[in-house]
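Have a look at the structure first, then go through the points below.

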Amino acid sequence: MLSREQTFHVRPGGAVTGQVRVPGDKSISHRSIMLGAIADGVTEISGFLEGADCLATLQSMQEMGVKIDVLGHGHIRVNGVGLHGLKTPVDPLDFGNSGTAMRLMTGLLAGQEFNAILKGDQSLSNRPMGRIIEPLVQMGATIEAAENNRPPLHIRGGNPLTGICYEMKVASAQVKSALLLAGLYASGETCVIEPAPTRDHTERMLAGFGYPIQRNDNRICLQGGGRLKATRVEVPADISSAAFFIVAATLMPGSELLLEHVGVNPTRTGVIDILRLMGANIDIFNQSEVGGELVADLRVRHAALHGIDIPEALVPLAIDEFPVIFIAAANASGTTRLTGASELRVKESDRIKVMADGLLACGIQAQATPDGIIIQGKPGQVQGARIDSQGDHRIAMAFAVAGQCASSPMLIDNCANVATSFPGFAALAKHVGLDIEINPSC
Ligand code: S3P
C-alpha cells in the first residue's frame with residue numbers, strides 16, 4: 001500500500017512556534033466508519049483522518065457493499081446498511097499496517113452470515129491475535145489464524161454468537177472494542193471487564209449512535225440485537241499526533257506552540273500527565289464537548305524536564321506516546337524508569353527494543369527491560385545518528401523530534417508508514433520550526 005520508502009533528514013533547529021491543528025484522531029476515525037456502516041441512515045463525518053490505516057477500514061467496508069463518499073478535507077458520508085446489511089467480500093480484506101482495523105473488524109465480522117479473510121502487511125502479520133480470537137471463539141465464532149495466532153485470519157460465517165462476560169488479561173481497548181462489536185450480533189448480554197481503564201471511544205460512539213451501553217466501574221455491558229441510528233461525527237485532532245509537537249515545543253528553548261481542537265478524552269491524556277510530572281508547561285483551555293468527546297486547545301511552552309518513575313496506572317492512557325516520551329526522557333535531567341509496559345513489545349514494532357537501539361545510537365544510555373526501559377537523561381546530550389525506524393510510524397516521528405534538539409543531523413530510514421497515522425507530518429513539522437526534509441538528494 002505504502003510502497004515508496006522515505007528517509008527523513010532532520011537538522012538541529014530552534015524554537016517550535018505557531019498555531020496548528022494536527023490531523024484527526026485515528027481511533028475515532030476507524031470507529032466512525034465501522035459504526036456508520038452498520039447504522040440505519042446516513043452518517044456524516046468531519047475531521048476524518050485520511051491516513052492509510054483508516055482508509056483501509058473505509059475500503060474494507062466498501063468491499064462489503066457500503067457506499068461511502070470521500071468528499072475531501074476529512075468529510076466522509078457513510079450510507080449505512082444496517083446491522084445485517086453487509087455483503088460477502090469477494091477478496092481478502094487488507095488492513096495494511098493497522099492492528100486497530102484488524103482487531104475491531106474481526107469482532108464486527110465474527111457474527112456475520114458470510115466468510116471473510118483478514119490480512120495485513122508484514123508488521124501486522126506478526127502481531128498477536130489470540131487475545132481477540134480466544135474470547136470471540138468463546139462467544140461461538142469460528143476463526144482460524146496462521147501459526148501462533150498471527151494473521152491472516154479466516155472467519156467462518158453463519159455461527160450464532162452468544163454474549164459472554166469476559167475479564168481481559170491485558171488492558172486493551174482493541175480487545176474491549178472487538179468484543180463489544182461482536183456483542184451487537186450476539187444473543188443476550190456481552191460484558192467486558194477491564195483490568196485498567198483504556199480508551200473508551202467505542203462506548204462513547206455507540207451511545208452517540210443511540211445504542212444502549214452501560215458502564216459500572218470497570219465493567220462495560222451491552223445487549224445484542226439493537227439498532228444503530230446514523231448521526232454526525234466530528235473527529236477531534238489526534239492527541240497521539242499532537243504529542244510529537246508537544247514534546248518538540250517542550251524541549252526547544254523559546255518555544256510557544258498552540259495546538260487546536262485536540263481530543264482530550266481522559267482515557268487518552270496520559271501523555272500530558274506524564275510530561276507535566278516531568279516538569280512540562282502545558283495549558284489546556286477552551287475545553288468543550290463535541291459528540292460525546294472532550295476537545296480543547298493546548299498551549300505548550302519550553303520547560304526544563306526531570307526524570308521520573310512513570311506511574312504504571314498512566315501506561316494504558318499513554319500507550320501510543322511512549323516513543324516520543326522516551327525522547328523527552330533522554331533530554332530530561334536524571335533517570336526515567338518505565339515499568340508495566342510490555343504491550344509496547346507487540347505494537348507496530350517492538351517499541352522497547354527499537355527505541356532503546358535508536359537512543360543508544362544517539363549516545364543515550366537506555367536499557368531495555370522486559371516490560372519497559374530505563375533512560376539516563378541529560379539536556380543537550382542527544383547526538384545525530386542514522387536510525388532505522390523499522391517502518392514504525394511513531395518511532396520515525398519520535399526521532400524526527402530528537403533531531404530537532406540533537407547536536408548533529410539525524411537521518412531516519414523507513415518512514416513511509418508515517419502516512420498511516422499522520423499524513424503531511426513533515427510539512428506541518430516544518431511549519432512549526434523543524435528543519436526536516438524527506439529523501440534529500442545529498
Ligand atoms: C487503539 C488501542 C490501543 C492503541 C492503538 C489504538 C484503539 O491498542 O495502541 O494504537 O483504537 O482502540 P491496545 O488497545 O491494544 O493497547
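This is a predicted model: local features need pLDDT of at least 70, side-chain atom pairs count only at pLDDT 80 or more; totals for chains, interfaces and linings use all residues.

A polar contact here means a pair of N or O atoms within 3.5 Å.

**Ligand contacts**
- Ser 27 also reaches the ligand through its side chain, with a polar atom 2.7 Å from an oxygen of the ligand.
- Ala 173 uses its backbone instead: an N or O atom there lies 2.7 Å from a ligand oxygen.
- On its own the ligand would expose 380 Å², and the protein buries 96% of that.

**The shell around the ligand**
- Two elements, α1 (26-37) and α5 (173-183), each give two or more residues to the shell.
- Others surrounding the ligand include Thr 100, Arg 199, Ile 319, Asp 320 and Lys 347.
- By type, the shell splits into two nonpolar, four polar and four charged residues.
- Both domain 1 (7-24 + 236-439) and domain 2 (26-234) supply at least three shell residues.

- The largest cavity holds about 30 Å³ of space.
- Its lining includes Asp 25, Ile 28, His 201, Arg 268 and Glu 293.
- Four nonpolar, three polar and three charged residues make up the lining of the largest cavity.

Notes
Residues are numbered from 1 along each chain as its sequence is written. Side-chain values use heavy atoms; hydrogens and water are left out. A residue is near a molecule or strand if one of its heavy atoms lies within 4 Å of it. A polar contact is a pair of N or O atoms within 3.5 Å; within protein, one must be able to donate a hydrogen and the other to accept it, and residues adjacent in sequence count only if both atoms are side-chain atoms. Accessible areas come from the Shrake-Rupley method with a 1.4 Å probe; for residues, only the protein chains shown count as cover. Helices (H or I, at least four residues) and strands (E, at least two) are DSSP runs, numbered from the N terminus. Ala, Val, Leu, Ile, Met, Phe, Trp, Tyr, Cys and Pro count as nonpolar, Asp, Glu, Lys and Arg as charged, and the others, Gly among them, as polar. Domain bounds come from an automatic or database domain assignment. On a 1 Å grid over the protein atoms alone, a cavity is a set of points where a 1.4 Å probe fits but cannot get out, and a pocket is an open set with protein on both sides within 12 Å along at least five of seven lines; lining residues have an atom within 4 Å of a point. Grid points are joined across faces, edges and corners, and a volume is the space filled by probe spheres set on the points.
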